[in-house]
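Me: Hi! I've got this structure open and would like to talk it through with you. Could you take a look?

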Amino acid sequence: MISVRCQPIPGTPLFGADEAQRGYALNRMCYSFNSAANRQAFRDDEEAYCARFGLDEEQKDAVRNRDVLAMIDAGGNIYYLSKLVGIFGLNVQDIGAEQTGTSVEAFRAKLMAAAK
Amino acid sequence: MTSHVPAIGGAIARGVEGEPYWKPFFEGFDKVHAWLDEVRPDTVVVFYNDHGLNFFLDKIPTFAVGAALSYQNADEGWGLPEVPPFPGSPQLSWHIIESLVADEFDVTMCQEMLVDHAFAVPMQLLWPGAGRRPVKTVPIAINTVQHPLPSATRCFKLGAAVARAVESFEADSRVLIVGTGGLSHQLDGERAGFINKQFDLFCMEKLVNEPEALLGYSNRELIERAGTQGIEILMWIAARGAMTHGAQRLHSNYHIPISNTATGVLLLGNPAT
């Protein structure tokens, strides 16, 4: 059985009961981005859109700063967050580089190196 | 068993399968296509995981079985083009559901179920081209979004229970079992970009003749070795669980990286008689 909280794996977020509760509003907003009209509404007025979904200040700041690690800390789940970062024009290599504090080129090179 | 990385769908949509980045991956399916031409399945049962298209955190089923006449793909939010709907097989779906519940797998039953890239991309890989796919489908979604996730052992047993259901269906049906996901990858956290070739190859080896070797791992141990999203190996384990008479390897291919992911395809057939 998984014990999400015991023995954390370094640098590896696990989305358990605490995260599910803390991140509910943020993830619910991200889930809404399956609709193109909602993505446009977010682009039109980001602050209002975040407020409409009831994000707390920590979550709003993480969104304002495009800070993926902070979004995860605030309960964001990567499956839903990927819809938000898509609006910012970022793909999984871009956010991989951001989270690991490296350039996209260096991040890609690391992926290629894993083949060896 | 195959990976389902969204970027693969993007490459298909752009028609760039022959470019150097993609070729080693797509070539891995040539032998699968030849085999499918030979065995001609009429129905596909697909173990996959929803990535926040059909299910939100308000209701997350551990195991959900589709029971629809057809399954729509839809906008996932980050730009992958939508593909046409996939025909269902409500008869087989309900047979599987009844059999699973009798077998103590209390699944969620879905008469409407949007299928995301984890279902659609493998279908495009198995039957490429714009022509109508010659198969009906039964999607079975396994939760990988919200912990606790079902264990490897439980997923393996689910596969075996699905096999019992399929075997008691119409005698002349030809059913293909597909598991999609993985292999090792991690999108989130400071360890993003984690790939573990050694563990992937170990899994692909053990899945053939010794799947029990994978069942001792807890989900935490699987995530430690394969990355947060590498837990999608659960779908491969479920598919292998459905091969209750054993398996022989007909083909395999492993390639790093596609997008952030180590990718693999493993084609197993019933044992030679």
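Me: Which residues have the most contacts inside the largest nonpolar core?
Reply: Those are B:Phe47, B:Ile96, B:Leu100, B:Leu158 and B:Val162, in a core of 60 residues. Keep in mind that this is a predicted model.

Me: And which element gives the most to this core?
Reply: Helix H6 of chain B does, with 8 residues.

Me: OK, what is B:Ile96 in contact with, leaving aside its neighbours within four places in sequence?
Reply: With that exclusion, B:Ile96 touches B:Val45, B:Val138, B:Val162, B:Ala165 and B:Val166.

Me: Which residues does the second, separate core include?
Reply: B:Phe25, B:Phe26, B:Val32 and B:Tyr71 are among them, and that core has 39 residues. As a general point, nonpolar side chains in soluble globular proteins tend to be buried together.

Me: Back to the helices. At what angle do H4 and H6 of chain B pack?
Reply: About 125°, with the axes 9 Å apart; H4 covers residues 90–102 and H6 covers residues 152–167. The two are therefore oblique to each other.

Me: Left-handed or right-handed crossing?
Reply: H4(B) passes H6(B) in a right-handed crossing. On the H4(B) side the contact is made by B:His95, B:Ile96, B:Ser99 and B:Leu100. H6(B) brings B:Leu158, B:Ala161, B:Val162, B:Ala165 and B:Val166 to the contact.

Me: How many nonpolar, polar and charged residues has that contact?
Reply: The contact of H4(B) with H6(B) has 7 nonpolar and 2 polar residues, and no charged ones.

Me: New topic: where is B:Ser89?
Reply: B:Ser89 lies in the loop that runs between strand E4 (86–87) and H4 of chain B.

Me: Buried or exposed?
Reply: Buried, because its relative accessibility is 7% and the cut-off for buried is under 20%. Apart from neighbours within four places in sequence, B:Ser89 has contacts with B:Thr43, B:Ala68, B:Lys136, B:Thr137 and B:Val138.

Me: What percentage of chain A counts as buried?
Reply: 47% of its 116 residues. Among the chain A contacts with a separation of 6 or more, 48% come from residues 24 or more positions apart.

Methods:
Residues are numbered from 1 along each chain as its sequence is written. Chains are lettered from A and ligands numbered from 1 in the order in which they are written. This is a predicted model: local features need pLDDT of at least 70, side-chain atom pairs count only at pLDDT 80 or more; totals for chains, interfaces and linings use all residues. Side-chain values use heavy atoms; hydrogens and water are left out. Axes are lines fitted to C-alpha atoms, for helices over the stretch in contact, and angles run from 0 to 180 degrees between N-to-C directions. Helices (H or I, at least four residues) and strands (E, at least two) are DSSP runs, numbered from the N terminus. Angles under 35 degrees count as roughly parallel, over 145 as roughly antiparallel, 65 to 115 as roughly perpendicular and the rest as oblique. A crossing is left-handed if the near helix is turned anticlockwise from the far one by less than a right angle, and right-handed if clockwise. Contact means heavy atoms within 4.5 Å. Ala, Val, Leu, Ile, Met, Phe, Trp, Tyr, Cys and Pro count as nonpolar, Asp, Glu, Lys and Arg as charged, and the others, Gly among them, as polar. Buried means under 20% relative accessible area, exposed over 50%, partly exposed in between (1.4 Å probe, protein chains only). A nonpolar core is a set of buried Ala, Val, Leu, Ile, Met, Phe, Trp, Tyr and Cys residues joined through side-chain atoms within 4.5 Å.
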